[in-house]
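Please look over the sequence and the structure shown here before reading on. The report that follows takes up a few places in the chain and then the larger arrangement around them.

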Amino acid sequence: MKEELKILIKAQYPLIYLVTSEEQRAEQEIEKIAQTGVQRRCVYIWTVTHGMVEYGQTRQTTQHNTVSPESAIEWIIRQKEPGIYILKDLHAFIDAPVTTRWLRDAIASFKGTENVIILMSPIQQVPIELEKDIVVLDFAMPNMDELNQVLSQQLEYTRNRKVSAPVKEKLVKAALGLTIDEAQKVYRKACVKSGCLSEEEIGIVLLEKKQLIRRNGILEYIEEDETIEAVGGLDELKKWLIQRSDAFTEKARVYGLPQPKGMLILGVPGCGKSMIAKTTSRLWGLPILRLDMGRVYDGSMVGRSEANLRNALKTAESISPVILFIDELDKSFSGSGSGDSDGGTSSRIFGSFLTWMQEKKSSVFVMATANRVERMPSEFLRKGRFDEIFFVDLPTSQERQAIFIIHLGKRRSEISRFDTEQLAKVSDGFSGAEIEQAIIASMYEAFAQDREFTQLDIIASIKSTLPLSRTMTEQVSALRDWARQRARPASASIAEYQRMEF
């Protein structure tokens, strides 16, 4: 990104939109670019609070009457010497006809000169009038080298020079995804809590990093204690995941394997889709972030929703390799083709996400789940968008027995008194979640009577429950019919049945 910005400035692009919340770091990079070349260019920074100020100068040197966006752009046009002009947070004014017109006038006046205007803001908002003249760049999060400098400065400040190279590398990797300012604060906090920076403080850095990511309310760190063995059945899906457990290693790259893009898990609610996604984190040894699409949408300001999505995806990329988990994708994008009821926000969000999935080069593996295939936009289902689409059906009798063993084993150390084979037969048509709830209901019944729960209690609870497969028979049947030829069965027994049938 830095090299691209340098090229655009040298190529005399008149208007650049730099999307970032790291103003100081971006300013320093632009100043470095201004110092290169045959002729040094002055850098000026405009804010609505102080007007136009030359970079590095005090606020008292504000150019006269340049507080308003229109007067600032007019002042820029009058300058004879080549310069780089940074306008901060102009998104709040850019839709005003006068501001847009002044920007277009500036672009016209810059032809044949080395002047450039850089709009710097954490929110991207480009009027239609400027779309043909503007270039939008995302300022990348700090890389390993930059974070290493932050860590070295902190170690120097605390006079802690005994940290080994492997520990330094772990501390730097733990801070990936943070801004320079956030990394500085995290390292300082670790020093305050323990007096120094060592391998023991990596947990402090990671914990603080989780809090910083949670702060925006869109991405959430998921910590799952369960392993993939805690999911009953789904042998084909598990096999696929186990085969790719080293897919993001350098060994896989040397072998010539491409990085996996992602997978979509369709199926009946309550059959382990979300659980398998969460336990993959431990299987692969990668962090997992949950993207809450409902919180992406923000109607408080035009362009805020798109900025929310971009920032979330940038954060995921900055800490890659990582698993990006999107639960119930069918609900998240079901309104993407519903017209302009929300001003086109849903369509833009949908388009941005699809483009990112198609073009991403980072090690971000997208794991998405969905219940209603008829609500899924067709663009998600075409080949190449995901590496594989799996269908999770209701558990077979053998899988139900395995699920009973798992859930009874979580609650009692000795389960030989239960006939799990009989329980599997009685619970025909039940999902894994419904089986778990049946066990819990039987335990409450026995607990109220001050006794241990029994086989009969579980059977009674099962018989008093109407499973989803019966209340939504048509929906389940339609999903099965669709998946028969379009998705890969997650269970080995169902896959074998389909091969025999065809």
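Q12 counts as partly exposed because its relative accessibility is 38%, where partly exposed lies between buried, under 20% relative accessible area, and exposed, over 50%, with a 1.4 Å probe and protein chains only. Q12 sits in the loop between α1 (2-10) and β1 (15-19), and its phi is near 65 degrees, a positive value in a residue other than glycine. Most residues other than glycine have a negative phi. D89, in the loop between β4 and α4, has a phi near 55 degrees, which is likewise a positive value in a residue other than glycine, and with a relative accessible area of 31% D89 is partly exposed.

The model discussed here is predicted, and local features need pLDDT of at least 70, side-chain atom pairs count only at pLDDT 80 or more, and totals for chains, interfaces and linings use all residues. Residues are numbered from 1 along each chain as its sequence is written, and side-chain values use heavy atoms, with hydrogens and water left out.

## The chain as a whole

The secondary structure of the protein chain comes to 23 helices and 13 strands, where helices (H or I, at least four residues) and strands (E, at least two) are DSSP runs numbered from the N terminus. Taken along the principal axes, the C-alpha atoms fill a box of roughly 90 × 60 × 50 Å.

Of the 502 residues of the protein chain, 49% count as buried. The chain exposes about 24900 Å², of which carbon and sulfur atoms supply 49%, the areas coming from the Shrake-Rupley method with a 1.4 Å probe and, for residues, with only the protein chains shown counting as cover. Among contacts between residues at least 6 apart in sequence, 77% join residues at least 24 apart, a contact meaning heavy atoms within 4.5 Å.

Strand β2 (residues 42-47) and β3 run antiparallel and are joined by 4 bridges, while a hairpin links β2 to β3 through 3 residues. Within this pair, I45 stands opposite V53 of β3, and W46 stands opposite M52 of β3. Helix α3 (residues 69-78) has P69, S71, A72, I73, W75 and I76 buried, and its buried residues pack against β2, β3, β4 (83-88), α4 (97-109) and β5 (116-121).

## The sheet of 7 strands

A further open sheet, of 7 strands, has the order β7-β9-β10-β11-β8-β12-β13 and mixed pairing. At its edges stand β7 (219-222) and β13 (488-489), each with a single partner strand, so one side of each is left without a neighbour in the sheet.

In strand β10 (residues 322-326), 5 of the 5 residues are buried, so the strand is largely enclosed by the rest of the structure. V322, L324 and I326 point one way from β10, I323 and F325 point the other way, and all are buried. Strand β9 (residues 288-291) runs parallel to β10 and is joined to it by 3 bridges, with L324 in β10 as the bridge partner of L289. Toward β11, 5 bridges join β10 in the parallel sense, and there L324 stands opposite V366. Strand β8 (residues 262-267) pairs with strand β11 (residues 364-370) in the parallel sense over 5 bridges, and L266 has A370 of β11 as its bridge partner.

## A pair of packed helices

Two packed helices are described by the angle between their axes and the distance between the axes. Helix α6 (residues 165-174) and helix α8 (residues 202-215) pack at an angle of about 10 degrees, with their axes 9 Å apart. The two are therefore roughly parallel to each other, a term for angles under 35 degrees, whereas those over 145 count as roughly antiparallel, 65 to 115 as roughly perpendicular and the rest as oblique.

K170, L171, K173 and A174 of α6 make the contact with I202, V205, L206 and K209 of α8. By class, this contact has 5 nonpolar, no polar and 3 charged residues, where Ala, Val, Leu, Ile, Met, Phe, Trp, Tyr, Cys and Pro count as nonpolar, Asp, Glu, Lys and Arg as charged, and the others, Gly among them, as polar.

Terms used:
Two strands pair if DSSP finds at least two bridges between them. Axes are lines fitted to C-alpha atoms, for helices over the stretch in contact, and angles run from 0 to 180 degrees between N-to-C directions.
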